[in-house]
Amino acid sequence: RRSGQYTMNHDYSKKTPDGASFDRSGSQDSLDELSMDDYWKELENIHETRRNNHEERVALVVKEPDEGELEEEWLKEAGLSNLFGESSGDPLESMVFLSTLTRTQKAAVEKRIETVTQTMRKKNKQHQIPDVRDIFRLQNDSKGKVCDGSEPSTVRTSENKNETQDGTKGPKFNLGTDEQESTLEDMLVLDTDINLEISFAEQAANLKDSSAGKMWKGGGGDTLLPNFRLPKDKTGTTKIGDLAPQDMKKVYSLALIELTALYDTLGTEFKQQKAVKIKTKDSGLFGVPLSVLLEQDQKKVPGSKIPLIFQKLIAQIEEATLETEGLLRIPGVATRVKSLCQELEAKFYEGTFNWENVKQHDAASLLKLFIRELPQPLLTVEYLKAFQDVQNLPLKNQQLQALNLLVLLLPEANRDTLKVLLEFLQRVIDHRDKNKMTLNNVAMVMAPNLFTFHGFGSKTIEQSEFVMAAGTANLMRFMIQYQKLLWTIPKFIVNQVRKQNTESQKKEKKDKAMKKLLKKMACDREKHEKQEKTPNDADVPQGVIRVQAPHLSKVSMAIQLTEELKASDIVARFLSQKSGNVQTLKKEEVCLYEIGGNIGERCLDDDTYMKDLHQLNPNAEWVIKPKQS
C-alpha cells in the first residue's frame, strides 16, 4: 500500500505542464519549471530508512483543547494571564503592555479575552472574570493612538462598528479608536520592500481595504522569488541576539500577538498545537530532545548553543568539498548509515569514533536523520502547523513577515540550530555550478526532513503530504533565501518594547512618589543628583555623548554627534588608541551597546546613525564591550 502511494506521487511529479524534468544545471527560481521528483525521492528514502531501522516510532499525541482552553493558553503565552483566573490581581502591569499595542493587535487580544470570558461564565468559575470593556478602558482614553513607532495607519472602516470585513458579527466590544487618515502610498509598498516600521497586521488590514484590491488577490500564484531587501534604518537594524533577555521576553509576547493579528486579518486560523508529554531518551545523540543534548554538550564544551553532533556532521560534509554533485540529494548507503548511527551513539562522547570512515553522502544522510529523529520537530509541535499555514497567506511579503514572526517565537535552542542549518544550506547552494544543487533542488530535498514529522503518526502524514509538498518546498526556499531578514527583529516591535519600558519607568516613579516611606530618600537622592549634575553637564555639553570602554586602553571619550557619525566610527576611534598594557581586541570582537533609557541593552549594528538613535533614546548610556556569545 505504501509503495503504491509513492508510485502515485512519483507519477504525479512527472506530469508537469511542459513535461520537463529537473534541469540541474540552470539557476532556477520558479517551481513551475520543476517536477517534484526530488521531493518524492527524498520522501521514499525517508520511509526506506525507517523500514530498515525496524523501529516503531512513538507517535506524539496532539491534545485537542477544550473550549476556551486554547485562548487561555494563548493569553498566558502572551504574558497576559493576570487578566483572568484565580491569580488575577492588579492588572496594571498588563495595562502598560496593552497601551503599546496597535489596533489589530488589540483586536486579537480582545477576541481571545472574549472567548475566555464566555467560557468561564459558562463553567461558572468562582473567580474574577474580567470585562473586556474594563480591560481596554485605559486605551480608549487615548483614542487613535498607535504605539508601534509609526504614524497611525488606516484600519478598515465599517458602517456597523461590530461587523468584521466579511459582514459577520464581530466581538461585542470594540476599542472605540478613531479612524485615522493616512495616504495610501504610506502603506502600499513594492513587492521588493519589506516595511519593518509599521505593524505587519496593520499593513495587511490597510491593503485589504484599499482600492488596491487587485494586488490583494492571487498574489501567491507566481512562484518566482522577489528580491526582498532589508531596509536600512538610521537607528540601526536589530538582530536576534542583540537585545537583553528581559527585552527579548517582551519581543516574544509582541511577536505572538502580532502573528495572531496578522493571521486574523488575513482570515487564516492560528492555532498552537499542544503535545501530550511522552517519555523521551535522556542520553545519546539521535532521538534526544535538543535541551537534553545541549545539557550533555555543555559539560564537554561550556556555552554550547548548537548540538556538537550537529556541528560535527556539517563540518564533516564541508571537509570533503561542497562541490560534490548531488550533495544532500544522493543518499548514503542505508545499511552503512544505520551502522554509523549505532557506532556514533557508543563512541561520539568518548572521542573514539573514527570520522575517516564516514563518507560525505553518509554524513549528509546522518545530518537529515538527526533532524527527523528529534522527538519534537525542529520547528516545534506548537508552531509546525503555523509554519505550514504560511503558504496559505495571499502575498509573498506577508508570507515572509509571518515567517519572521515565527522565527522570533521559536525556543532559543531550536532557533540557533535552524540558523546554523540554513547557513550551511546556503553554502551548499553557493557551489551550485559544480554540485548542481540550486536553491530549488536543496529546498525539495530538505522540506520533507523539516516539515513531515514522524511523531504525528504516518496516517496523518500520508494523507496530507501530497497537498503539502509544493507549499513546504516553497517555504523552505523562503527560509534559505531570506534567512538574514528572518533573524531581524522588526523596528515596530523594538519601538513597542521601548514604549513599554518608558511606560513601566513612569509607573515605577509614580509608585515611589506615592509611598511616604520613600519620600525622604527621594528628596535626598534629588539633592545628591543636583549636586552632581552641574559638573556632568559642563563635562558633556548638548550634542555630545560620553562613551565608556572599560575593556580598552582608552576607557572613556566624549564624542561630538554629527549627522553622519555611525557606531562603527566610534568603535574605530577607540580601537585606534592602542596601548601595550591592555589586551588588544579586534573590531569584530566588540560592539557599541545602547544601555538603559527605554531599552534594556542592545548591541548596535555598524551602520547605526548615532545622532538619530540618541534622539530616540536620550537617556541611554553608551558602552563598548566584547560581544556576548
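Guide: One term before we start: a residue counts as buried when its relative accessible area is under 20%. Also, this is a predicted model.

Visitor: Okay. Is Leu485 buried or exposed, then?
Guide: Leu485 has a relative accessible area of 6%, and the cut-off is under 20%, so Leu485 is buried.

Visitor: Which helix is Leu485 in?
Guide: Leu485 sits in helix H22, which covers residues 483-486.

Visitor: And what is Leu485 in contact with?
Guide: Setting aside neighbours within four places in sequence, Leu485 is in contact with Ile194, Arg229, Leu230, Leu400 and Asn404. Take Ile194: 291 residues separate Ile194 from Leu485 in sequence, but their C-alpha atoms are 9.1 Å apart in space.

Visitor: Switching topic: how do H9 and H17 run relative to each other?
Guide: The axes of H9 (residues 200-209) and H17 (residues 396-409) cross at roughly 160 degrees and come within 11 Å. Angles over 145 degrees count as roughly antiparallel, so that is what H9 and H17 are. Their crossing is left-handed.

Visitor: Which residues meet there?
Guide: From H9 you have Phe200, Gln203, Ala204 and Leu207, and from H17 there are Gln398, Gln401, Asn404 and Leu405. That contact splits into 4 nonpolar, 4 polar and no charged residues.

Visitor: Zooming out, how many helices and strands does the protein have?
Guide: There are 26 helices and 7 strands. Of the 629 residues, 49% are buried.

Methods. Residues numbered from 1 in each chain as written. Predicted model: local features only at pLDDT ≥ 70, side-chain atom pairs only at ≥ 80, totals over all residues. Heavy atoms only, no water. Helix = DSSP H or I, 4+ residues; strand = E, 2+ residues; numbered from the N terminus. Buried < 20%, exposed > 50% of the residue type's maximum accessible area, 1.4 Å probe, protein only. Axes fitted to C-alpha atoms, helices over the stretch in contact; angles between N-to-C directions. Parallel < 35°, antiparallel > 145°, perpendicular 65-115°, else oblique. Left-handed = near helix turned anticlockwise from the far one by under 90°. Contact = heavy atoms within 4.5 Å. Nonpolar A, V, L, I, M, F, W, Y, C, P; charged D, E, K, R; others polar.
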